[in-house]
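Please have the sequence and the structure open while I talk.

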Amino acid sequence: MPFARVGGVKVHYEVTGDGPPLVLHPGMFCVGEHWARRGYTAVLRGEHTVIAIDPLGLGASDGPHDPAAYALPRRVAHVTAVLDDLGVERAACWGYSLGALTVLGMAVHAPERCTRVVAGAWDPVDGFRSGLEHALRTYGLPADTDPFTLLRDGAHTDPEQAAVIDAADPEALRANFAAFSGDRGLDARLVGTRVPLLMYCGTEDPWHDPMRAVAGRVGAGFFGVPGADHGGAWVRCDDVLPDVRRFLAGDRADDTAGDTAG
């Protein structure tokens, strides 16, 4: 079981496939294996060396109790530590939800380690807050509702996420949430990035419109997944993969050109 070590913690990852390296970073209450369960890895491993990460606090990775361990620059350091452990200088990075925050953080904090970035379903302006406000309005909940409990209990209705939640350290989950739920204003830091970006979101996800607007401002590609909410866009890999594979094909073309030049 491979682990990268950074800042006193261990980050678990798994590798499969062959081709230009591609990091897959899941969302909250998911682990790297879920990319395979949802059908992504079977397709991608024929074109890429797929590196699926268990985020800190989840799966086989360590679960510290200090929210500072989950700050965005630290999340980026976890990804770069995995690349270092594999001897990979640069990789494409694809993340969904919390994973999207992390890979967009790669474009900001470690652009030299990224060839391309694919971000699914995250509001780079207001982050988790805009999704929380939408949920409170939709369900008529009071403003003092505990957002962590709301998120955790909602995720627990999915058996795969429930298994991750039940196996995790509850204090680590809260620390993780405390860090990412406060991340906002990432859009301003994406302006001027030279990393090619592709963003996408379900059209019924409250993060669709802000994400599309940010993509326009920073010069990123964008596509919507028709009729999908936040969870729906994640499970509809057949609707997502064609656009993403076309975008990632630039890495394969660069890799082939490098082989020819060599």
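When I say helix or strand, I mean a DSSP run, numbered from the N terminus, with at least four residues of H or I for a helix and at least two of E for a strand. This is a predicted model, in which local features need pLDDT of at least 70 and side-chain atom pairs count only at pLDDT 80 or more, while totals for chains, interfaces and linings use all residues. Residues are numbered from 1 along each chain as its sequence is written, and side-chain values use heavy atoms, with hydrogens and water left out.

Now the pockets. On a 1 Å grid over the protein atoms alone, a pocket is an open set of points with protein on both sides within 12 Å along at least five of seven lines, a cavity is a set where a 1.4 Å probe fits but cannot get out, and lining residues have an atom within 4 Å of a point. Points are joined across faces, edges and corners, and a volume is the space filled by probe spheres set on them.

The largest pocket has a volume of about 1,100 Å³, and of its 36 lining residues, Leu151, Gly154, Ala155, His230 and Gly231 are the closest to its centre. Which helix gives the largest share of that lining? It is H5, with seven residues, although H6, H7 (159-167) and H11 (230-235) each supply at least two as well.

The second largest pocket, at about 210 Å³, is lined by 15 residues, with His12, Glu14, Gly32, Glu33 and Ala52 nearest its centre. Strand S2 (9-17) gives the largest share here, four residues.

Finally, the helix pair. H6 (residues 147-155) and H8 (residues 170-180) pack at an angle of about 115 degrees with their axes 11 Å apart, where axes are lines fitted to C-alpha atoms over the stretch in contact and angles run from 0 to 180 degrees between N-to-C directions. H6 and H8 are therefore roughly perpendicular, a label that covers 65 to 115 degrees. Pro147, Phe148, Thr149 and Leu151 of H6 meet Leu173, Arg174, Phe177 and Phe180 of H8, contact meaning heavy atoms within 4.5 Å.

Note on methods. Parallel < 35°, antiparallel > 145°, perpendicular 65-115°, else oblique.
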